[in-house]
Amino acid sequence: MDRRKFIKKSALAAAGTIGVPYLLPSGLLFARQSSMKAQHVVFVQFAGGLRHQESVLQLYLSGSQTEKVEGNIMYNLLDGKPPEDKIAYGTDDKQNNIVGAFPINPILQTPLQRQGVLFPEVRFSKGGAGHFNGLSTGVSGNYYTTAGLRQRTASPTIFEYMRKHAGFKATDCWSIGQSIIGSRPLLNYSAHEDYGRRYGGNFIAPTITFGEPGQQHFMDFKNYHPDTDYGMIREVRGFLNKNFATQGLEIPHLYNTPEEENSIREFVRVTFEKVKEGRLTLPPVNDNGDLKTLGYAVEVLRWFKPKVSVVDLSAIDVCHGNFTGYLKNVHRADHGIAFLWKEIQSIPGMKDNTIMIVMPEHGRDLEPNSIKDLNDWVSFDHSGSPNARRMFTLMVGPGVDANLKVGSETNPVGDAADIVPTIADIFGLKDKVYSAGLLDGNARSLFDRM
Amino acid sequence: MLGAVCAIMLTFSNCQKDFYVYEIEDQTILPVNSQKIKPKSVPQYISILYTNFFQKAISPNSMLQAQQAIESIGDKQVAFDILLSKYMNDSRVILPSLESMQKDPEAFIRNTYRRFLVREPTEAELNWMLNYIKSRPNVTPEHFYFAFGTCNEHFHY
């Protein structure tokens with residue numbers, strides 16, 4: 001190859017890697033750094049409060065009850081053999097009336113732990129181990145020791161960082177909630193004055209949107225033509241809003257463009273058609289809200305191919321009063337996350353181009369409360385106890401080392417606030433996010449912890 | 001002599017004119033919609049929207065479900081648009097006829113402002129709307145009602 005050709009090819013390669021600088025919504029010029037690791041990130045908050053004993057430690061009943069049976073009930077995510085006795089976490093044997101008798105078949109031939117990196121001892125280092133503290137820390141990289149329910153995070157969410165500093169569109173960013181309970185609908189943008197709704201991600205709680213409330217109030221909505229009908233509606237509404245906008249008061253929208261609004265409406269319409277015709281892509285077992293949410297999450301990913309998606313689960317929180325139900329839901333969350341990962345590998349553009357991160361929002365106590373379930377097994381709450389601060393992080397995808405374990409019980413590595421800088425790192429924006437100065441002091445990219 | 005001086009003073013004082021100075025207090029001129037500074041809550045908005053389109057109150061159960069549906073979508077403009085599109089597909093929705101709008105567009109515009117925004121249109125607004133009706137042969141009362149029902153001013157009080 002002559003020198004001129006070599007230089008030309010090198011320049012093209014560099015341009016392809018770095019990307020063309022462009023103006024951001026903030027007015028700044030942004031050139032994506034060359035260290036972009038993947039074009040899509042899916043962050044699953046394995047939420048509801050997951051004890052270390054039934055997950056990473058694989059103690060099954062021996063870490064909680066008087067039964068001395070160990071084993072791994074998350075065999076899609078973690079490497080380890082399932083329990084051989086006292087099986088109560090699967091699907092029910094209705095014929096013989098045995099709860100949870102049939103373990104769900106694994107979806108993945110190779111557990112995600114072997115495909116990626118496991119941080120087995122991560123800490124929820126500050127504040128109370130409450131669901132919304134945990135979820136908020138996951139999406140914002142900061143802790144909220146005094147925040148109440150129905151409050152937005154004080155620090156920006158990952159969606160806002162990406163929209164403001166990397167120019168992501170609103171439909172590039174999705175927060176997919178298991179429900180609308182508590183602060184879940186508020187996880188898509190913060191109350192921070194320099195970020196906030198202007199840079200928020202879209203939110204959907206699909207089991208509500210496509211469940212009974214949505215079926216009553218959204219399903220079969222009139223299909224206005226996006227150009228003619230909506231064109232006129234937008235013109236008249238735009239005139240009305242122009243007269244009112246000077247006061248800065250508006251319906252809390254998320255700055256989706258008209259095309260994005262059309263796309264969201266069309267997504268809702270098409271998904272309702274799938275619901276009616278039974279064509280939803282659901283996990284093979286889909287008997288709880290988490291699994292249905294993960295099924296809908298696949299629909300969101302297929303339709304929008306978001307750059308950043310956060311999905312939160314919740315069903316394992318039954319552990320407050322039903323340990324058997326908790327085990328079943330832990331097993332189902334594992335099943336659902338494996339399904340999600342498998343489906344991602346079938347989505348053009350996301351296949352081999354998506355990093356998935358899985359992390360509980362916090363753990364649960366070591367000591368039980370006084371409630372016993374149908375198997376006479378004790379239940380567990382989540383307080384600020386050390387065990388409720390133990391959690392793990394699992395990361396898998398292109399550019400992520402395979403079969404690597406980082407940290408141990410005596411050498412914990414990782415913090416609940418790490419996910420935001422990690423996602424920023426994946427998109428080559430870590431320094432920008434750090435320099436905003438709004439992350440917790442402990443927060444670091446997981447790539448820097450390896 | 002004294003009497004003459006007093007008489008002259010009285011004469012002049014009686015002839016003096018009173019001067020009244022009329023002043024105008026400074027007034028801040030605000031747009032006609034300036035009193036609306038608070039967002040309606042979602043239940044308030046749904047309740048008013050429903051009443052405007054069905055001429056009756058929404059039931060408590062239906063309200064609760066509508067509220068949940070709205071909360072399940074982050075972009076409230078999109079959520080309200082879908083909700084109203086659903087209402088528009090309901091045969092019970094009450095809209096002015098196209099004929100009535102075309103027969104007396106000014107009355108239609110004034111009534112629409114009163115119904116949704118609880119005020120009269122300004123002359124500029126009225127003219128814009130009348131020109132819009134004139135220049136868009138395909139525009140219907142439904143388009144106007146949709147736009148008014150989902151505009152920012154309607155969401156505030």
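Helices, in the sense used here, are DSSP runs of H or I of at least four residues, numbered from the N terminus. The structure described is a predicted model, and by this numbering helix 7 (229–245) and helix 8 (258–277) of chain A each contribute at least two residues to the lining of the second largest pocket. Of the elements that line this pocket, helix 7 of chain A gives the most, with four residues. The volume of the second largest pocket is about 240 Å³, and its lining includes Arg234(A), Glu250(A) and His253(A), together with Gln77(B) and Asn152(B) from chain B. Sorted by class, this lining has two nonpolar, six polar and four charged residues.

In chain B, helix 2 (42–54), helix 3 (60–71) and helix 4 (76–88) each supply at least two lining residues to the largest pocket, with helix 3 of chain B giving the most, namely three. The lining of the largest pocket comprises 13 nonpolar, five polar and six charged residues.

Chain A also contains an open sheet of eight strands, arranged in the order 8-7-9-3-10-11-6-12 with mixed pairing. Because strand 8 (202–204) and strand 12 (404–405) of chain A each have a single partner strand, they stand at the edges, and one side of each is left without a neighbour in the sheet. Strand 12 of chain A pairs with strand 6 (residues 117–123) of chain A in the parallel sense, over two bridges, and within strand 12 of chain A it is Leu404(A) that stands opposite Val117(A).

Terms used: Residues are numbered from 1 along each chain as its sequence is written. Chains are lettered from A and ligands numbered from 1 in the order in which they are written. This is a predicted model: local features need pLDDT of at least 70, side-chain atom pairs count only at pLDDT 80 or more; totals for chains, interfaces and linings use all residues. Side-chain values use heavy atoms; hydrogens and water are left out. Two strands pair if DSSP finds at least two bridges between them. Ala, Val, Leu, Ile, Met, Phe, Trp, Tyr, Cys and Pro count as nonpolar, Asp, Glu, Lys and Arg as charged, and the others, Gly among them, as polar. On a 1 Å grid over the protein atoms alone, a cavity is a set of points where a 1.4 Å probe fits but cannot get out, and a pocket is an open set with protein on both sides within 12 Å along at least five of seven lines; lining residues have an atom within 4 Å of a point. Grid points are joined across faces, edges and corners, and a volume is the space filled by probe spheres set on the points.
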